[in-house]
Amino acid sequence: MDALVAQLQMQFRDYTISLYQQGFLDDQFTELKKLQDDASPDFVAEVLSLFFEDCVKLIGNMARALDQKGTVDFNQVGASVHQLKGSSSSVGAKRVKGLCVSFKEFCEAKNYEGCVRCLQQVDIEYKTLQTKLQDMFNLEKQIIEAGGRVPQVDIN
Amino acid sequence: VYVRRTQFTIFFRIQNHCLKTKSKMATKSTGDIEKTKSIEMKKKLNVLIVDDDPLNLKIHERIIKTIGGISQMAKNGEEAVIIHRDGRASFDLILMDKEMPERDGVSTTKKLREMKVTSMIVGVTSLADREEERRAFMEAGLNHCLAKPLTKEKILPLINHLMDA
């Protein structure tokens with residue numbers, strides 16, 4: 001059992017570090033983890049749930065606004081992008097945040113093709129992050145079920 | 001029964017906690033007999049978080065809780081004004097988002113200062129905000145301004161400053 005826990009813990013550590021190294025997550029995610037404790041063990045999962053709800057809602061808003069080809073309200077698109085940038089910044093979703101920066105620039109330039117490309121990329125990116133984080137939470141769950149503790153991961 | 005006794009009050013500055021202990025000593029003397037009363041008050045840092053984003057509300061509430069404070073939330077500036085309307089609200093700290101529907105952070109801060117609210121008000125801005133926007137927010141009556149995302153490390157120096165005051 002100890003060998004299994006140790007193996008799972010190492011897998012978890014390596015996986016978490018890879019998420020930072022590949023640019024999916026940044027320091028703000030580390031800050032969120034620090035706010036979680038035994039009294040509030042699901043805090044990070046709850047915050048991420050709110051973030052992914054935001055993604056669905058805001059990307060939906062952007063898509064509808066961009067659908068009005070010829071009469072696109074780029075300010076409206078930009079407002080949703082600004083909100084998504086804020087949310088992604090708050091949870092440490094680095095790639096999503098980075099895409100929002102480019103997206104905002106295309107909105108300000110009223111560049112329709114650029115906006116559509118960014119919308120597609122943001123949609124792919126948040127879904128990829130969601131899958132990766134789900135894999136990370138699954139590893140946490142396996143560690144706990146095997147009788148171990150989820151290790152603190154030092155990403156520096 | 002009147003008891004003569006000696007009482008000491010020691011104040012500690014506590015980092016990372018928001019527990020304030022104040023002692024009030026009231027002494028009455030009746031001839032040679034002294035009656036000493038000591039009233040101790042314990043006060044947790046009381047924070048109002050004003051933000052329309054449920055995600056930010058959740059994170060900021062958690063930050064305040066982990067540093068030992070208690071928080072109340074307002075989903076926009078208008079709610080924050082209503083909370084203060086009866087004059088009984090007493091917050092040590094108000095975290096004020098800038099962009100909100102109904103009433104934004106600038107307007108809310110101005111209104112609260114007009115209502116003689118003396119709480120420390122800290123504006124929470126986006127890095128994308130222009131310098132003149134930030135200045136206008138400060139001039140509305142903020143004590144400080146912090147950029148999102150908020151962290152414990154950003155807020156703690158302000159809490160310590162409040163403790164010293």
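Me: Helices are DSSP runs of H or I with at least four residues, and strands are runs of E with at least two, both numbered from the N terminus. Going by that, where in chain B does B:Glu102 lie?

Reply: This is a predicted model, by the way. B:Glu102 is in a loop of chain B, with β5 (93-97) on one side and α3 on the other. Helix α3 of chain B covers residues 105-114.

Me: What makes B:Glu102 count as exposed?

Reply: Exposed takes over 50% relative accessible area. B:Glu102 comes out at 69%, so it counts as exposed. Its backbone deserves a look too: phi of B:Glu102 is near 70°, a positive value in a residue that isn't glycine.

Me: And B:Lys116, buried or exposed, and how do you know?

Reply: B:Lys116 has a relative accessible area of 69%, and the cut-off for exposed is over 50%, so B:Lys116 is exposed. Its phi is positive as well, about 65°, although B:Lys116 is not a glycine. You'll find B:Lys116 in the loop between α3 and β6 (120-125) of chain B.

Me: What about B:Thr108, buried or exposed, and how do you know?

Reply: Buried means under 20% relative accessible area. B:Thr108 has 0%, so it is buried. This residue sits in helix α3 of chain B. Leaving out neighbours within four places in sequence, B:Thr108 is in contact with B:Gly77, B:Ala80, B:Val81, B:Met96, B:Met100 and B:Arg103.

Me: Which residues in α3(B) are buried?

Reply: B:Gly105, B:Val106, B:Thr108, B:Thr109 and B:Leu112 are buried in that helix.

Me: How do you know which side of α3(B) they are on?

Reply: Look at the arc they cover around the axis: only 165°, which puts them on the same side of α3(B). The general idea is that an α-helix has 3.6 residues a turn, so residues three or four places apart point the same way. As for what covers the buried residues of α3(B), that includes α2 (77-84), β5, β6 and α4 (131-139) of chain B.

Me: How many helices and strands are there in chain B, and how do the elements run?

Reply: Chain B has five helices and seven strands. Starting at the N terminus, the order is β-β-β-α-β-α-β-α-β-α-β-α. Of its 165 residues, 42% count as buried.

Me: What makes the peptide bond from B:Lys148 to B:Pro149 cis or trans?

Reply: Check omega: it is near 0°, and the bond is cis. B:Pro149 lies in the loop between β7 (144-147) and α5 (152-164) of chain B.

Me: Over to the rings. Why is the pair of A:Tyr20 and A:Phe29 called edge-to-face?

Reply: Planes over 60 degrees apart count as edge-to-face. Here the planes are at 65°, with the centres 6.5 Å apart, so the pair is edge-to-face. Both A:Tyr20 and A:Phe29 are buried.

Me: And why is the pair of A:Phe52 and A:Tyr126 called tilted?

Reply: Stacked needs planes under 30 degrees apart and edge-to-face needs over 60, with the rest being tilted. The planes of A:Phe52 and A:Tyr126 are at 35° and their centres are 6.3 Å apart, so the pair is tilted. This pair links distant parts of the chain: A:Phe52 is in helix α3 (residues 43-67) of chain A, and A:Tyr126 is in helix α6 (residues 112-145) of chain A, 74 residues apart. A:Phe52 and A:Tyr126 are both buried. Together with A:Phe51, they form one aromatic cluster.

Me: What makes you say that the charged end of A:Arg95 sits over the ring of A:Phe24?

Reply: The distance part of the test asks for CZ of Arg within 6 Å of the ring centre. The charged end of A:Arg95 is 3.9 Å from the centre of the A:Phe24 ring, and it does sit over that ring.

Me: One more. A:Thr16, buried or exposed, and how do you know?

Reply: The cut-off for buried is under 20%. A:Thr16 has a relative accessible area of 5%, so it is buried. A:Thr16 is in helix α1 (residues 2-21) of chain A. Not counting residues up to four places away in sequence, A:Thr16 touches A:Met136 and A:Val153.

Terms used:
Residues are numbered from 1 along each chain as its sequence is written. Chains are lettered from A and ligands numbered from 1 in the order in which they are written. This is a predicted model: local features need pLDDT of at least 70, side-chain atom pairs count only at pLDDT 80 or more; totals for chains, interfaces and linings use all residues. Side-chain values use heavy atoms; hydrogens and water are left out. Rings of Phe, Tyr and Trp (its six-membered ring) pair if their centres lie within 6.5 Å; planes under 30 degrees apart count as stacked, over 60 as edge-to-face and the rest as tilted. Buried means under 20% relative accessible area, exposed over 50%, partly exposed in between (1.4 Å probe, protein chains only). A charge sits over a ring if NZ of Lys or CZ of Arg is within 6 Å of the ring centre and within 35 degrees of the ring normal. Contact means heavy atoms within 4.5 Å. The arc is that of the directions from the helix axis to the C-beta atoms.
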